[in-house]
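This report covers one protein chain.

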Amino acid sequence: MSADKLFTIKEASEWATRHIGKDVTVSNISYLIQYGRIKKFDRYGSTQVSQNDLLQYYESYNGSREINYKERISEDLNWALSFEQYKEAETTKHVHRLHPYKGKFIPQLVEYFLDEHADRFKKETYFSAGDIVLDPFSGSGTTMVQASELGIHALGIDISAFNSLIGNCKVIQHDIVNLQSEIYRITNALTNFIYSTNIAQFEAELTKELYEFNNHYFPVPDYKYQLRNKQINEEQYGNEKEKLFMPIYKRLVKKYDVRLLQNQNETFLDKWFLQHIRNEIDCVFTEVKKN
Ligand SMILES: C[S@@+](CC[C@H](N)C(=O)[O-])C[C@H]1O[C@@H](n2cnc3c(N)ncnc32)[C@H](O)[C@@H]1O
């Protein structure tokens, strides 16, 4: 590796664009700093990054990914199906972001197989507008959404009632005006409910304490950079800091008289939610039933 050189963020984005032959924006570089992939240097009031860090990052990951996979699997790999050009905002566009669901595939993948284009890999097209697609494991409904966009009818089946609910919410027709006024009414009722308890003050003070604690012991991005470079043992460090924070947390729980456990321990909602979260859920359900 050559002698190190420092770049401003803008210079880094220009250098990286030339180096990997793809558009690397200023915010891509900021992202690498934020997530501890490369180190941030403060020089003369401006943020700089090191060329060696960038080289290491692109060699270890992005730049060589396609080549590595082709070596491991086959030259005949359809790299278009990696969809690496899409940003997270595009792979979770519009309704796909309605509810977090880690097991979903991205809409672009579904579109690739459903739409009418053909390429070296997809030589035939299978569906046209008006056809019916069945997804027997529909999860959060990605197939149904993409089919609908292409004018294809879709049926989804899923063993999980909750996943079916997520999927259905994405494709049924909503009365938007009614929906909006309901959301507004319920949000107002919930806000009033929360402010009628001491929880809002508890959370505000806890957030402030956590902010100061994290800034001190887990400064971003330095902490992430040290973790990636194995300069810190995450588990040991985390355990030590948890012990340090516990007395602060306990003092606030006592001060605001927060009940951590519920009276019963039978259902999922009893088991996993603090008493006050449970009260908030009950408040929302009561409001929903009022309509
Ligand atoms: C990986 S997820 C599918 C995700 C989906 N492609 C999406 O984009 O959201 C698999 C789904 O299969 C469902 N599943 C598993 N076994 C099933 C079964 N026997 N019958 C129906 N659905 C089932 C699960 O509940 C889960 O939602």
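How many salt bridges does the count come to? The count comes to 13, a salt bridge being a side-chain nitrogen of Lys or Arg within 4 Å of a carboxyl oxygen of Asp or Glu.

## Basis

This is a predicted model, in which local features need pLDDT of at least 70 and side-chain atom pairs count only at pLDDT 80 or more, while totals for chains, interfaces and linings use all residues. Residues are numbered from 1 along each chain as its sequence is written, and side-chain values use heavy atoms, with hydrogens and water left out.

## Salt bridges

Glu 205 pairs with Lys 255 in a salt bridge whose closest N and O atoms are 2.9 Å apart. Glu 205 belongs to helix 10 (residues 199-217) and Lys 255 to helix 12 (residues 234-255), so the pair ties together parts that are 50 residues apart in sequence. Helices here are DSSP runs of H or I with at least four residues, and strands are E runs of at least two, numbered from the N terminus. Glu 205 is buried, at a relative accessible area of 18%; buried means under 20%, exposed over 50%, and partly exposed in between (1.4 Å probe, protein chains only).

Lys 290 and Glu 287 also form a salt bridge, at 2.9 Å from N to O. Both residues lie in helix 14 (residues 275-290), 3 residues apart, about one turn of the helix. Lys 290 is exposed at 58% relative accessible area, whereas Glu 287 is buried at 11%. Glu 182 and Arg 185 are linked with Glu 287 and Lys 290 in a network of salt bridges.

## Nonpolar surface patch

Ile 132, Leu 134, Leu 155 and Ile 157 make up a nonpolar patch on the surface, with about 410 Å² of accessible area together. Patches are made of residues with over 30% relative accessible area and no salt bridge, with like charges joined within 9 Å and nonpolar side chains (Val, Leu, Ile, Met, Phe, Trp, Tyr) within 5 Å. Areas come from the Shrake-Rupley method with a 1.4 Å probe; for residues, only the protein chains shown count as cover.

Ile 157 sits in the loop between strand 5 (153-156) and helix 8 (161-171). Ile 157 is partly exposed, with a relative accessible area of 46%.

## Overall fold

The protein chain has 14 helices and 5 strands. Of its 291 residues, 29% count as buried. Along its principal axes the C-alpha trace spans about 60 × 60 × 35 Å.
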